[in-house]
Amino acid sequence: MARSSRIIGLCSDDHAAAEKQAIRAIGGYDYKFVDAVNRDDFCVVCQLPARDPQQTKCECAKLYCKSCYDQYYDDQYCDDQYYDAFIGVPAAKCPTCGQTLDIFSDKRTAKRIKECKIKCPSTNCPWINQLNIVDDHLTTCGYVIIPCANDGCKALITRDNAVNHKTNECLLRQHTCEHCSAKGTYLEMTGVHINICPDYMIPCPNGGCGMKIKRKNINSHRSAECEWEIINCPYSNIGCVFKSPKCKIPDHKATSNDYHLELSVALIMKQKEQQEEQTIQLMKQKEQQEEQMKQLRMQNEQLVNQKEQFTEQQAELTKNMVTLEHEKPHWITMTRFSWFKAEKREWYSAGFYTHIRGYKLCLRVDANGYDEGVGHYVSTYLCLTEGEFDAHLTWPMTCECTITLRNQLKDEDHHSGTFTLTINDMYEPRSAMFFGENGRRRGYHKFIAHNLLDRHMFKQCKYLIDDTLCFKVQVKII
């Protein structure tokens, strides 16, 4: 078992160090023996009567304490240069004769040593008895030194005095304040706490009073009860600077009536002067305010005039914007002209508004002509479509419409036509888009001849390029 424990100890240096320190502290019996102990029963290492004696089998026949032998073996052999866990534990050598060290537990010597009488190791203890019962005695010995059980106390006292020290002597014992019942250590309650205890009786600081009051009531006592509290004269608000204990104020009032009357008259005169000065200041402020009001009225008139001018300018700008919006051209491109012409199908552009929140129109183009223009002309018409603002617009609606087919070679010689479009109301059938009532047209059956779409004989003019026509539509609400 000893070797096994040493092997485990080698696995942790810190644990091994702690274990070795504990073993050194054990050693032999370090007591004061009354009976003489045979020198052969002493440990050759610690030179004390051997504890758990171990006898060597060599010629020396020396005796070791069990703990001293283990420590000697560890110090001599149990390090890396002597021990290999995979090879085995080397045999120890006797320090006296050099032979292989082999030991056995000597029970007879152990019994002989334990039957010797010793004195109690505690100072002043009169107990004398055999060594084998000293441990039982030490568990009850009143002279054994033990630490105080109160938290934080580092005092060492005898076991017999432990209870008295803990309850009556220790400065860190629990203590209840006799004034306010607060709890803490005796040192706190009789030191720091007594200087802040709210129920501790302290003398009134006013000389001549002599009463003792609880600390928490001292302010109320001084302000309401104590006749020796220093106070100002009741006429201090008119200039009296006299101060004295409260009990002497009546005498001062009785002997200072004329003085207080003079102070009152002086105060009244001073207040009168201040009122006159305030009246003058108020008159000046009134004049300043009237001048400011006059200036404000002038500024207000200027602002009103500026507002009117701004309103007129805004109306003019709005009118100009509406005019510009109404006259804004809409650019429309028709592709696949040849297909629509061959199929004799009409083509409709995407819808557009005459202006912001205005009437919604679209351009219809008959590539092969319509009615009178069939086969030889391109027919163009403007159609009213259902718009999201129709319910809020003015009906009937009349507008001047211009459809322009643009010359795609240069910006001149465009082909255009202008007509008037009138719609009575928003519910008028959309089939009436092409011919208005009373013969008013809404487009052209013969807008442009097919033979004019290509390059003109005398002009640099071409309307159809890449099978595409470009239109410009302008609508002006009348």
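**Sheet pairing and helix packing in a predicted model**

Strands S14 and S22 (residues 469-477) run antiparallel and are joined by 5 bridges. Strands are DSSP runs of E of at least two residues, helices runs of H or I of at least four, both numbered from the N terminus. Pairing requires at least two DSSP bridges between two strands. The model is predicted: local features need pLDDT of at least 70, side-chain atom pairs count only at pLDDT 80 or more, and totals for chains, interfaces and linings use all residues. Residues are numbered from 1 along each chain as its sequence is written, and side-chain values use heavy atoms, without hydrogens and water.

Isoleucine 332 has phenylalanine 471 of S22 as its bridge partner. The open sheet has 4 strands in the order S14-S22-S19-S20, with antiparallel pairing. S14 (330-334) and S20 (415-423) are the edge strands; each has a single partner strand, so one side of each lacks a neighbour in the sheet.

Helix H4 spans residues 107-114. Thr109, Ala110 and Ile113 are buried (under 20% relative accessible area; exposed is over 50%, partly exposed in between; 1.4 Å probe, protein chains only). The buried residues of H4 pack against strands S1 (53-56) and S2 (63-65).

Methionine 189 lies in helix H7 (residues 186-190). Its relative accessibility is 8%, so methionine 189 counts as buried. Beyond four places in sequence, methionine 189 touches His175, Cys177, Ala182, Lys183, Gly184 and Ile194 (heavy atoms within 4.5 Å).
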